[in-house]
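Thank you for asking me to look over this model. My comments follow as numbered points, beginning with the fold as a whole and then turning to its parts.

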Amino acid sequence: MKIIIPRLIISKLIEHSLIEDPNECCGYLMGSNNKVSHIFNCRNIHQSPVTRYALDPLDQMKAEKYADDNNLDILGIYHSHTLSQAYPSPTDVSNAVESGWIDPAYILISLVEKTRPIIRAFKITQDKKVEEMIIEHDGQAYISPTENS
Ligand SMILES: [Zn+2]
């Protein structure tokens, strides 16, 4: 099991995490087959956003429409952990199973070390097993927007 996430999308995941820090950020990764091509940021509307996340239902609708309109699949659901490791919490696992969203990968970004964010991907199964997935880059070079200016 693997998911291909271009480095540009990886950098956007980290950026979204840092912008929302100390709150958790969340959103979707979209693409085809197992290769991510789009990131869709959502608002975290949970009442305790530092340790929990809840995707804004309006953003969820927009995301699903965007995916349909652009012939994309929702390949991943991401959120950040600002104070803990990049591993799904028991709550994350329960929420995944209860929401019925177990086809997409769960992408976790940990900001425990702010200068070295960690990103990991997991498959959560119906029987609440958590299996790590391999994240591959597609070799596409990441060019920092500020590098050439
Ligand atoms: Zn979590």
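1. Two residues are taken to be in contact if their C-beta atoms, placed from the backbone, lie within 7 Å. Among the contacts in the protein between residues at least 6 apart in sequence, 65% join residues that are at least 24 apart. Please keep in mind while reading that this is a predicted model.

2. On the overall architecture, the protein has 3 helices and 7 strands, and their order along the sequence is β-α-β-β-α-β-α-β-β-β. The C-alpha atoms fill a box of roughly 45 × 35 × 30 Å when this is taken along the principal axes. The radius of gyration is 15 Å, which agrees with the value near 15 Å that a compact globule of 149 residues would have. Of these 149 residues, 30% count as buried.

3. The largest nonpolar core deserves attention, and it holds 29 residues, of which Leu29, Tyr106 and Ile107 touch the most other members. Two or more residues each come from helix H1 (7-20) and from the strands S2 (26-32), S3 (35-42), S4 (73-81), S5 (105-110) and S6 (118-124), and S5 gives the most, with 5 residues. As a general background, nonpolar side chains in soluble globular proteins tend to be buried together.

4. Which residues does Leu29 touch, once those up to four places away in sequence are not counted? The residues in question are Ile9, Val36, Ile39, Leu75, Gly76, Tyr78 and Ile107.

5. Helix H1 has 14 residues and reaches 20 Å from its first C-alpha to its last, close to the 20 Å expected at 1.5 Å a residue.

6. Strand S7 (residues 130-136) pairs with strand S1 (residues 2-4) in the parallel sense over 3 bridges, and Lys2 stands opposite Ile134 of S7. S7 is also joined to S6 by 4 bridges, and these two strands run antiparallel, with Met133 in S7 as the bridge partner of Ala121. The hairpin of S6 and S7 has 5 residues between the strands, and in this hairpin Lys128 takes a positive phi near 65°.

7. Pro57 and Arg43 are 14 residues apart in sequence, and their C-alpha atoms are 9.0 Å apart in space.

8. Glu98 counts as exposed because it has 8 C-beta neighbours inside 10 Å. From C-alpha to C-alpha, Glu98 and Asp138 are 33 Å apart in space, and they are 40 residues apart in sequence.

Technical notes:
Residues numbered from 1 in each chain as written. Predicted model: local features only at pLDDT ≥ 70, side-chain atom pairs only at ≥ 80, totals over all residues. Core = buried A, V, L, I, M, F, W, Y, C linked by C-beta atoms within 7 Å. Buried ≥ 20, exposed ≤ 12 C-beta atoms within 10 Å, placed from the backbone. Pairing = 2+ DSSP bridges. Expected span 1.5 Å × (residues − 1). Rg over C-alpha atoms; globule rule 2.2 N^0.38 Å.
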